[in-house]
Structures are given as structure tokens and as C-alpha cells.
Amino acid sequence: MESGGETRRVVVVGGGIAGSLLAKSLQFNAAVTVIDPKEYLEITWANLRNMVEPSFAERSVINHTDYLTNGRIVTSAATNITDTHVWTADGHRIAYDYLVIATGHRDVVPNTKTDRLNQYKAENQKIQSANSILIVGGGPTGVELAGEIATDFPDKKVTLVHKGPRLLEFIGTKASNKTLRWLKSRKVEVKLEQAVDLNSSTLDGRHVYKTSSGESIKADCHFLCAGKPLASAWLNDTILKTHLDGNGRLMVDEHLRVNGRANIFAIGDITDIPELKQGFLAEKHAMVVAKNLKLLMSGGVQESKLSKYEPGSAIALVSLGRKDAIAQFPFATISGCLPGLLKSRDLFVGKTRKNMGLQA
């Protein structure tokens, strides 16, 4: 968009759901640069389905160049920010008029789509060749992986160990209890309030894992499904270091601007907004900031005209295999095939692709 005859430069750091949607939305209004260590956007809530059905990843792993047809992609990690530039690990120095931080959570994944698809095939092979599987972690990742394996491979022995007193501690006890019942009905053995030593010994060709209560679990392989750390440590050496809260999240105002910074925004999981960190809310962040940047770039905008972000209410949807799910709404918790219709069949991949301007 022109302001005084020049195109404004928008730099987006992070190519996850929020950063990618924002870049796609602004690519014909500004000179957009996306800085991301990997060459692709990943629809992360489809990751666990990709492990049991690797071909599903063909649609959920999307090269940045597929949706960003009028922007620049720098495949590197951001390492520093000044008032005018972003620096990257490979030595790029990229000038900005507006900056958006969308680095979310840190995940160690391959740089290319091909390598990521091969990784899913390898994980699928690991599941296929195992008779017994240990899953460590009873948050949404561990629960959904257990559900996917129990549905697609009902003959495999699945054990899920969680150190907390209940599954899915981020949502209500009703949803936790329904999830536990569903997993047990699929013969998943669930052990709560226990930790696991992942240094296993071998007995009869199988791994033996010790739990904190002294139990032994025999399994052919394990998957660690612990929470991923925020990707914000790098900001400690930048002009934004004083804008991080005690949890490493960027403090933002109602317009999703970093507090006290007129031209720097933050979206997605890295913000300090008090709400569940979920993909559909990250998409909402992106649309609010896209609106605000279009207004600001058009010049002479009053603060009162900027869009405000309203924190999301406590809605959570955890899929259980291909047909069932647990849904928590503000006034009800529903389990079974009805919420499963909402999420589990396609995991919103078609809808997300459409949002990105791609064929569903």
C-alpha cells in the first residue's frame, strides 16, 4: 500500500499459522518478507494424523511459496531486532517499517517439505513395526496420538503415562474424565501421577522403562509428547527484551501491538493474552493485525479506528481418532461423534488451506 508514494515494508518473523496467514493477507498491500527457519507452513494440529497416515501430510505441510506469491521468504532464524532492522542467522539484514513477531513454540523439525514428509513416513514405520507403544505425556498431543494409534492400529498395546493427576489439565475435569473413559474403552492403559525414565533397559528384545512409582513398562518404542518451549529466548538480546513477561511471552495491547511500540505487533502463541493457545485463535490474531496494518499503512489513522482483539472464550476441541472428539464449550462438554464431525475427520485442514487461498 502506498503512503506518500512508497510501499511500506512489513517483516513477519515466524511462518506458523499466524505469521503465514498475516503475510498472505498483506502480500498485495505491502512489501512482505517472511523470516522462517523452514521452507514451509505446517498445519500443526494435523501432525499426529500424519504419523498414522503419512499421505495426510501432503495437504497439511505447505511450502511458503504456495501461498506467498507476491512476497519474499528468508529461510533462516531471526537473531536480533533493532528499531529499523531484523538480523538473521545467515547474515541477512532486513529493513522494516512494521514488524510482526509470530515465532510461537520452538519445534525442531527439518527445513524442507520433502524431509518433513520423510520424517512422518519414518514415524509411521516406527508405529507399524511396534507391537507395544509407550506415550509419555497426557496433554493434547499425547492424548490425540494415543487416540490415533488406538483407532488405526487397535491390536497394538498402547500405554500412556502422565505426571499430572488427570489428562488434559488445560481444560475442565469433565472433559478429562470423558477422555480417560474413551481411551480405556479402546484398551489404552493410562497411568497418572507418574514420570518415566526414558533410558530403557532391554529384556527379550523389548525396551523396559521404569516409572517413578517403581513400575516397569515393556514397549517396543516410545513417543515423548511433552509441551514445547516458547520460541522467544532469542528476544532477550533485542530491543524487545523488556517487553517479555515472566513466562517469556510478549506483552501486547488490545490492538496486538507490543506495549509501547507503535510499529511492532505480536500474534499467536507468543502473546501474553490470557486464553488457550490454539490455532483458530492465532488465525484471529492474524486477521486483526492485518486490518490494523492496512489502516496504518493508509496513513493518518486515529487510534480509535484500529481493531481490538477480544480474548477467546474457553473452547477446546481434542480429537480422538477419526470419528470422535472431546469438545469443551463455555457451558457444556460434549464427547463422541458429534464433536468428531467438527474436527476429527479432516482436522480443519481443508478449511485452513482455503484460508490460505489454496485448494481444499
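## A buried loop residue

S344 sits in the loop between α9 (337-343) and α10 (349-355). Helices (H or I, at least four residues) and strands (E, at least two) are DSSP runs, numbered from the N terminus. The model is predicted: local features need pLDDT of at least 70, side-chain atom pairs count only at pLDDT 80 or more, and totals for chains, interfaces and linings use all residues. Residues are numbered from 1 along each chain as its sequence is written, and side-chain values use heavy atoms, with hydrogens and water left out.

Is S344 buried or exposed? S344 counts as buried because its relative accessibility is 0%. Buried means under 20% relative accessible area, exposed over 50%, and partly exposed in between (1.4 Å probe, protein chains only). Leaving aside residues up to four places away in sequence, S344 touches R49, S319, L320, G321, R322, K323, D324 and A325. A contact means heavy atoms within 4.5 Å.

## The whole chain

The chain holds ten helices and 22 strands. Its C-alpha trace spans about 70 × 45 × 40 Å along the principal axes.

Of the 360 residues, 51% are buried. Take the contacts between residues at least 6 apart in sequence: 61% of them join residues at least 24 apart.

## Surface and charge

The chain exposes about 16200 Å², and carbon and sulfur atoms supply 51% of that area. Areas come from the Shrake-Rupley method with a 1.4 Å probe; for residues, only the protein chains shown count as cover.

There are 45 positive and 37 negative side chains. Lys and Arg count as positive, Asp and Glu as negative; His and the chain ends are not counted. The centres of the two sets lie 5 Å apart, with each charge placed at NZ of Lys, CZ of Arg, CG of Asp or CD of Glu.

Strand β11 (residues 98-101) is covered on both faces. Y98 and V100 are buried on one side, L99 and I101 on the other. In a regular strand the side chains alternate between the two faces of the sheet.

Strands pair if DSSP finds at least two bridges between them. Four bridges join β11 to β3 (residues 9-13), and the two run parallel. Here V12 stands opposite V100. Three bridges join β11 to β19 (residues 264-266), also parallel. There L99 stands opposite I264.

## A hairpin

Strands β8 (residues 78-81) and β9 (residues 85-88) run antiparallel, joined by three bridges. A hairpin of three residues links β8 to β9. N80 has W87 in β9 as its bridge partner.
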